[in-house]
Amino acid sequence: MIRLEDIGFAYPNSTRVLEGLDLLCDEGTRIGIVGANGSGKTTLLHIIMGLLRPTSGTVTLFGRQPSSEADFREARRRMGFVFQDADDQLFCPTVAEDVAFGPRNLGRSAKQAHEMVSRTLDMLGIEHLEKRVTYQLSGGEKRLVALATALAMEPEVLILDEPTAGLSEETSEQLLGILSRHISTSIIVSHDRSFLQRASDEVLLLEKGVLTETGMSEMGTWSRSRPPSPGDPL
Amino acid sequence: MHLEEFAEGHSIWHRMDPRIKILGLFSFAVVAALSNRISVQVFALLTAIVVLMSAGLNERKVASRMAVVNGFVLFLWLFLPFTTGGEPIAQLGWLVLTREGIVLSLSITMKANAIAAATIALLGTSTVFDLVHAMIHLRIPNLLVQLFFFCYRYISVIHLEYTRLRTGMKVRCFTPRSNIHTYRSLAYLMGMLFVRSYDRSERIYQAMVLRGFSGTFWTLDHFHMHRRDWIALVCMSLVILLMVVGQLAGGIP
Ligand SMILES: Nc1ncnc2c1ncn2[C@@H]1O[C@H](COP(=O)(O)OP(=O)(O)OP(=O)(O)O)[C@@H](O)[C@H]1O
Ligand SMILES: [Mg+2]
């Protein structure tokens, strides 16, 4: 579904962030990405979403290579994205309106959008927040609502930038349940390795501009293909 | 950042001591604004254009800035030529075009463009922090410096918030159309922008106060006048003196 080949990227007037990066995310794979602060994880996700354009390499989304903003707009209808900072996502006065915003953009009627709002909030267990003012929510509540705004668009692939930062243990646990029940294809960036191990099929490490395998697998055990060596990051 | 988009570069104006640039611009603007002789205004405009061209800035961006200024000027042209009393030179229906009106509009156009071009070339080529430092060194009242600094700070905050929210809308497939959903969303965006910018600047201010800020900006860097800065100072003084003499002397209008 998502394929990146030989991606290079540098911000204007600064050093290269990504260099020769490859990534393949097929239907039904759940990918986790770890990496040091400033290693370029957020940058990578923004490239996938077409918010940044790579300086070299190709991005293939759903079998096509988007070249213009219009192409990316088409692809974004099928990809749900949650920002690292939930404040980037929420702008409507009330939670209900914010969650309905995406479905409305996809052409759903007001009634359908409304149903989608109740369904999504129910699913996340935050139906009590429906009428609240987004801007007065707590940090963790904002995160859940931001997630709801993406889920309400029923994306084929969900892309999350540090979904667990600032969430309590119970809420993280609950998030894990929701992801495993409702999401089959995802790319998740997180610093919480135990969360990532349980939420993804393979965990990749972003380092020096490229993604490498870490050998961590779903059950939190080392994969058999390669024994752990002392240099392995964990 | 948007407001400092001209600050990077290597022209003589970029390397000049910001104190001189502030002094030069201030006196140039005062003399240009007060002059009522066409010859002085033409001279001011030409000088400003030469200065602006020698700063080597991105032409398209400069043009778009100047277009904003001339948008206001255009507005004046709609009224002034017809509402200023004087010698009539043409009649359009019940509108009377006067010679004085045209001269006045022309003179405002030249002054506005001269001052705007000089401002872009002189102030635009320094970073805001350099300008703040220079203002402190020039003993400009602290309150004015604070006003200038916070204006800049808050405008950048609003701009940053705006880009963030717009990106957030973009990933959720928002495309502006002419329908209620679009208008409502843009209205929400505006509302949220003000609430959030206010909040954020409040927090920035609190953070400054918590670190002991009480209205004084401490300067770390000190400016040093190089030889080229002294030369620039002399040249600027000469240009301004020339304008003052041109204004006060008799002869050409
Ligand atoms: N707008 C920008 N302009 C210039 N450099 C930037 C910009 N945004 C990020 N960077 C730099 O690019 C690098 C990668 O940033 P990025 O945000 O992708 O890191 P990250 O892996 O998401 O880090 P974190 O774990 O802290 O979220 C960093 O060194 C950062 O300083
Ligand atoms: Mg990040």
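**Chat about a predicted two-chain model**

Biologist: Which side chain meets Arg196(B) in a salt bridge?
Modeller: Glu161(B) does, at 3.1 Å from N to O. A salt bridge here is a side-chain nitrogen of Lys or Arg within 4 Å of a carboxyl oxygen of Asp or Glu. Arg196(B) lies in helix H8 (residues 180-210) of chain B and Glu161(B) in helix H7 of chain B, so the pair ties together parts 35 residues apart in sequence. Helices (H or I, at least four residues) and strands (E, at least two) are DSSP runs, numbered from the N terminus.

Biologist: Are Arg196(B) and Glu161(B) buried or exposed?
Modeller: Both are buried. That word means under 20% relative accessible area, with exposed over 50% and partly exposed in between (1.4 Å probe, protein chains only).

Biologist: OK, how many salt bridges over all chains?
Modeller: There are 17. One of them pairs the side chains of Asp88(A) and Arg164(B), at 2.8 Å from N to O. Asp88(A) is in the loop between strand E5 (79-82) and H3 of chain A and Arg164(B) is in helix H7 (residues 142-170) of chain B, so this pair joins two chains. Both Asp88(A) and Arg164(B) are buried.

Biologist: And what does Lys61(B) pair with?
Modeller: With Glu5(B), at 4.0 Å from N to O. Lys61(B) sits in helix H4 (residues 59-83) of chain B and Glu5(B) in the segment before helix H1 (12-15) of chain B, so the pair ties together parts 56 residues apart in sequence. Lys61(B) is partly exposed at 35% relative accessible area, and Glu5(B) is partly exposed at 25%.

Biologist: Back to the two chains. What's the area buried between chain A and chain B?
Modeller: About 2,300 Å², of which carbon and sulfur atoms give 60%. Phe91(A), Phe101(A) and Tyr135(A) supply 29% of the area that chain A buries against chain B, more than any other three residues. Buried area is the accessible area (1.4 Å probe) that two parts lose on being put together, summed over both.

Biologist: How many residues does the contact take from each chain?
Modeller: It takes 28 residues from chain A and 22 residues from chain B, with contact meaning heavy atoms within 4.5 Å.

Biologist: How many salt bridges and polar contacts between them?
Modeller: Three salt bridges, plus nine residue pairs in polar contact, both residues at pLDDT 80 or more. Helix H2 (69-76) and helix H3 (95-105) of chain A each supply at least two residues of the side of chain A that touches chain B. H3(A) gives the most to that side, with six residues. A polar contact is a pair of N or O atoms within 3.5 Å; within protein, one must be able to donate a hydrogen and the other to accept it, and residues adjacent in sequence count only if both atoms are side-chain atoms.

Biologist: New topic, rings. How many aromatic pairs over all chains?
Modeller: Eight. Phe149(B) and Phe150(B) form an edge-to-face pair, 5.4 Å centre to centre with 70 degrees between the planes. The rule pairs rings of Phe, Tyr and Trp (its six-membered ring) if their centres lie within 6.5 Å; planes under 30 degrees apart are stacked, over 60 edge-to-face and the rest tilted. Phe149(B) is buried at 5% relative accessibility, and Phe150(B) is buried too, at 11%.

Biologist: Which residues do ring pairs link into a cluster?
Modeller: Phe129(B), Phe149(B), Phe150(B) and Tyr154(B).

Biologist: Last one: where is Thr84(B)?
Modeller: In the loop between H4 and strand E1 (88-92) of chain B. Thr84(B) is buried, at 18% relative accessible area. A polar atom of the Thr84(B) side chain lies 2.7 Å from the backbone oxygen of Leu80(B). Not counting residues up to four places away in sequence, Thr84(B) touches Thr98(B), Glu100(B), Gly101(B) and Leu104(B).

Notes
Residues are numbered from 1 along each chain as its sequence is written. Chains are lettered from A and ligands numbered from 1 in the order in which they are written. Side-chain values use heavy atoms; hydrogens and water are left out.
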